[in-house]
Protein chains: 2
Amino acid sequence: MRLTHEQFRELAAEHGLAVTHQRQVVFEAVIASHGHYSPEDIYATVRRRIPSISLATVYNNLRLFIECGLLREVTPHASTLRVDGNLKPHHHLVCSRCKSVRDIEGEFIDFKRLSRHLPDGFDLTQPLVEVFGLCRRCAAKK
Amino acid sequence: MRLTHEQFRELAAEHGLAVTHQRQVVFEAVIASHGHYSPEDIYATVRRRIPSISLATVYNNLRLFIECGLLREVTPHASTLRVDGNLKPHHHLVCSRCKSVRDIEGEFIDFKRLSRHLPDGFDLTQPLVEVFGLCRRCAAKK
DNA sequence: TATCGGATGAGAATGATTATAAACCATCCA
DNA sequence: TGGATGGTTTATAATCATTCTCATCCGATA
Ligand SMILES: [Mn+2]
Ligand SMILES: [Mn+2]
Ligand SMILES: [Zn+2]
Ligand SMILES: [Zn+2]
C-alpha cells in the first residue's frame, strides 16, 4: 500500500494529528513493510528518505500512531519479565491497557480448525493462548 | 504449595541443577505466589528470608527455571517493541523460542464458550489472540 | 508574512537486564 | 573429616531499549 499526501492528510485530520513530513514517511514505512518490525528497523528504512530524522521522532510517532489506532502493537505485554508458577497448562487473559494477566479456564480453542491454518512444521504440542481485551477497570475509564 | 527440601532436591536433580539455599527459596517464592510477578517482586519476597540475596541471583535462577520448564514465562514475546501496519483484525502465531510472529487466519476461537469464562466486565469487543508454539526451525533444533 | 503551539533532533537520563570477576559453597573423593 | 573442584553468588559495571529535556524548527492559521 502507498499513501498519497492527501490520504495521509485526511487520516491525520481524523485523529487530530498535525501533518509533518517525518510523520508521513514513518507511517508509510510501517504500512509498506508487511511485517512486524522494531523501531530500529523502521528508523533504518526511514533514514533512506530522511537522513536527518532522529530515532526519538520514530519512537514518538510510533507511540502516537498506536494510541490513535492507526497502527497495532504486536507486543502488548508488560515490558518486563513476569513468571508463572502455575505449571498446569492454562491460558491467559491480558488487558491491553494496564497489562494485567489473569488465568482463564475452558476449552474455547478449535484445534482442528486452527491446525488447518498452521504453517508447515509449526509445533503446537503445548499450545498456549493469550486473549487480549480490556479489563473492567480499563474498559470503564476509556 | 510448599516444597520440602527433599522435594526440591529431587526436582533439581531431574534437571541437573545444583541445590542451593537461594535457589530453593526463589523457586518456592514463585510457586507460592499464585500470580504473575516480576523479578523485582520475587526479589522483595525472597529478601525477607535471605536479606543478603542479590537481584542478579533472582534473575539467574528465574531464567534457569524457565529454561528447564520449571516455571513459565508470562511474557514470551520479543522484549522490544514491534509494530504492525496490518489494520485488518487478525491473530498472531508466535514462536516461543525465536519470538518470530506470523499472521494467522481462521475462526478457531469459540467466543461463545470463551465468554462464559470471562471475568465480569471484561471487554472483548476487539479480541486479539496470540497462539504460542515452536516454529519449524526451532522445533527442529530442540 | 507574522505568530504560535506542537514537532523535531541531539544527546542525556532512566530502568531493566546481563556481564564480569572475585569470593563462596555444595559435592565428591581420599 | 579435609581438601580439591566447579558451579553459584555477590557487588558492581556495562549494555540496551526507551524516554526525557530543551533548544530549535516548522505547519497551520489569520
Ligand atoms: Mn498463569
Ligand atoms: Mn500481524
Ligand atoms: Zn486493564
Ligand atoms: Zn522459532
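This is a predicted model: local features need pLDDT of at least 70, side-chain atom pairs count only at pLDDT 80 or more; totals for chains, interfaces and linings use all residues.
Residues are numbered from 1 along each chain as its sequence is written, and chains are lettered from A, with ligands numbered from 1, in the order in which they are written. Local features need pLDDT of at least 70, side-chain atom pairs count only at pLDDT 80 or more, and totals for chains, interfaces and linings use all residues, while side-chain values use heavy atoms, with hydrogens and water left out.

We can begin with the interface. Chain B brings 65 residues to the contact and chain A brings 65 residues, where contact means heavy atoms within 4.5 Å. About 5,900 Å² is buried between the two chains, and carbon and sulfur atoms give 64% of that area; buried area here is the accessible area (1.4 Å probe) that two parts lose on being put together, summed over both. Of the area that chain B buries against chain A, 15% comes from R72(B), L81(B) and V83(B), more than from any other three residues.

Between the chains, 27 residue pairs are in polar contact, both residues at pLDDT 80 or more. A polar contact is a pair of N or O atoms within 3.5 Å; within protein, one must be able to donate a hydrogen and the other to accept it, and residues adjacent in sequence count only if both atoms are side-chain atoms. On the side of chain B that touches chain A, strand β6 (residues 123-134) gives the most, with eleven residues; strands (E, at least two residues) and helices (H or I, at least four) are DSSP runs, numbered from the N terminus.

R72(B) is the bridge partner of D84(A) in β2(B).

Within chain A, Q24(A) lies in helix α2 (residues 21-33). Leaving aside neighbours within four places in sequence, Q24(A) is in contact with L3(A), T4(A), H5(A) and F8(A).

Technical notes: Two strands pair if DSSP finds at least two bridges between them.
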